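Look at the structure, then read the points below.

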Number of protein chains: 2
Amino acid sequence: MKTVSHRTVGRLTLYWRSLRDLAPEAHSYIYSHDLATRARVTAAQVRRDLMVLGYSGTPAHGYDVGKLRQHIEAFLFPSTEQRVALAGVGNIGRALLKFFAGRRPTLRIVASFEKNPEKYDRLVGGSPCYSIEKAESIIRELNITVGIIAVPAEEAQFVANQFVSAGVRGILNFARAPLQVPPDVYVEDIDLAMSMDKVAYFARHWHQPD
Amino acid sequence: MKTVSHRTVGRLTLYWRSLRDLAPEAHSYIYSHDLATRARVTAAQVRRDLMVLGYSGTPAHGYDVGKLRQHIEAFLFPSTEQRVALAGVGNIGRALLKFFAGRRPTLRIVASFEKNPEKYDRLVGGSPCYSIEKAESIIRELNITVGIIAVPAEEAQFVANQFVSAGVRGILNFARAPLQVPPDVYVEDIDLAMSMDKVAYFARHWHQPD
DNA sequence: GTATTATCGTGAAATAAATCACAATGTGAT
DNA sequence: ATCACATTGTGATTTATTTCACGATAATAC
């Protein structure tokens with residue numbers, strides 16, 4: 001498979017969401033500029049992104065909503081259930097467990113891990129929480145391929161190592177610590193403090209139009 | 001002021017954090033490659049980023065840790081307290097309130113807003129929660145310039161409009177809806193579902209080395 | 001049937017960001 | 001003093017991403 005831009009993958013989820021949220025009867029076809037408006041990008045960007053799908057619209061009607069959506073789903077979503085584990089059931093961790101619970105049939109958090117004995121060995125946010133000690137064996141056993149890290153910065157690298165050696169291939173990292181992982185493991189960082197600082201900075205300094 | 005790259009601003013917070021966390025006595029000087037390792041970027045990237053500060057290191061010792069930190073702080077942080085409001089005290093909103101509480105002296109969440117009457121008119125996560133109806137007047141009154149949106153997608157644009165017309169200049173948006181704002185208002189989107197989808201996608205597909 | 005029109009797909013150009021590569025610098029060894 | 005060295009700051013280059021611009025296409029109007 002040809003390599004697809006990072007950002008394109010992100011925007012495809014925006015398009016998918018827009019299509020999903022269309023009134024079912026109102027539109028059976030949609031134009032690139034309409035999709036673009038909904039996702040707040042340009043029409044050219046939409047058309048460029050959709051090129052990766054191998055599905056074409058027609059000049060007359062644009063894109064068939066149902067078909068386009070199916071092609072995005074085929075591209076973006078796994079064919080079999082993809083399992084996720086989360087480490088660190090503090091403030092953020094618990095909010096994420098609740099947020100992601102039942103959100104997608106093909107992407108499911110099936111376990112969480114925690115260092116603090118008062119928090120593990122019970123259900124948290126809809127899935128069982130285990131001692132972090134058991135992470136490696138449980139991840140293997142349940143065939144988990146995606147990990148979420150929501151532990152303090154000091155422990156993030158340790159958790160990442162456990163995840164990677166157990167077979168996790170993608171990590172969503174909320175810890176305020178840049179992770180060291182093998183090049184074939186994908187890491188997406190969400191650094192809340194950094195984002196906040198950026199917003200505060202640009203709120204004070206004039207910035208270019210979008 | 002010359003316009004500074006989006007990403008540079010983000011990385012400066014990483015460098016600042018690295019400097020802050022150095023053992024105070026261990027290093028009074030630091031080299032670009034050392035900072036680079038800590039922030040998991042390249043040395044050239046560090047030097048390029050630091051150009052915006054107008055502070056130079058010396059070829060012999062690298063950067064004076066104290067001075068570099070001061071310059072980053074002067075660049076990145078406001079001179080007077082910058083006030084923040086949050087809308088939507090659900091799962092994510094409450095976690096954010098707790099997460100940001102007391103984190104920085106110059107950046108403080110001073111109010112939250114909520115539609116549901118059962119949740120407002122009391123303290124939530126350390127700051128008072130008001131009816132969303134009062135947002136505009138309270139934002140003006142308290143001179144709030146930064147807003148966090150953690151409401152459902154359907155209400156996000158309404159809240160953004162309130163924020164903007166009350167004088168908010170930067171928005172951290174957790175809603176899964178692209179916002180429409182004037183070009184001089186900065187928006188940073190954190191789309192948890194999109195990030196999760198991206199991680200899941202790239203966990204399944206081979207990707208280039210970092 | 002032909003002209004008109006709006007849209008699509010995509011090569012080419014523009015813009016943004018990261019990396020390379022090297023002259024300039026200042027330090028310590030001899 | 002002089003040399004060798006590691007590091008800095010930055011112009012030039014490369015890579016990534018977005019936007020432009022236009023030929024091709026198919027529906028509709030006449």
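**Charge pairs and symmetry**

A:Glu81 is partly exposed, with a relative accessible area of 32%. The model is a predicted one, and A:Glu81 forms a salt bridge in it with A:Arg108. Over all chains, the count of salt bridges is 24.

Within one chain
- The closest N and O atoms of A:Glu81 and A:Arg108 are 2.8 Å apart.
- This pair links distant parts of the chain, 27 residues apart: A:Glu81 is in the loop between helix H4 and strand S3 of chain A, and A:Arg108 is in strand S4.
- A:Arg108 is partly exposed, at 39% relative accessible area.
- A:Glu81, A:Arg83 and A:Arg108 are linked in a network of salt bridges.
- In chain B, the side chains of B:Glu136 and B:Arg140 meet in a salt bridge at 3.4 Å, N to O.
- Both B:Glu136 and B:Arg140 lie in helix H6 of chain B, 4 residues apart, about one turn of the helix.

Between chains
- A:Arg17 forms a salt bridge with B:Asp191, with 2.8 Å between the closest N and O atoms.
- The pair crosses from helix H1 of chain A to the loop between strand S9 and helix H8 of chain B.
- A:Arg17 is buried, with a relative accessible area of 6%, and B:Asp191 is buried too, with 10%.

Symmetry
- A rotation of 180° with 0.0 Å of shift along its axis superposes chain A on chain B.
- That is the relation of a two-fold axis.
- In chain A, the C-alpha nearest the axis belongs to A:Ala95, 3.2 Å from it.

Notes: Residues numbered from 1 in each chain as written. Chains lettered and ligands numbered in written order. Predicted model: local features only at pLDDT ≥ 70, side-chain atom pairs only at ≥ 80, totals over all residues. Heavy atoms only, no water. Least-squares fit on C-alpha atoms with pLDDT ≥ 70 in both. Salt bridge = Lys/Arg side-chain N within 4 Å of Asp/Glu carboxyl O. Helix = DSSP H or I, 4+ residues; strand = E, 2+ residues; numbered from the N terminus. Buried < 20%, exposed > 50% of the residue type's maximum accessible area, 1.4 Å probe, protein only.
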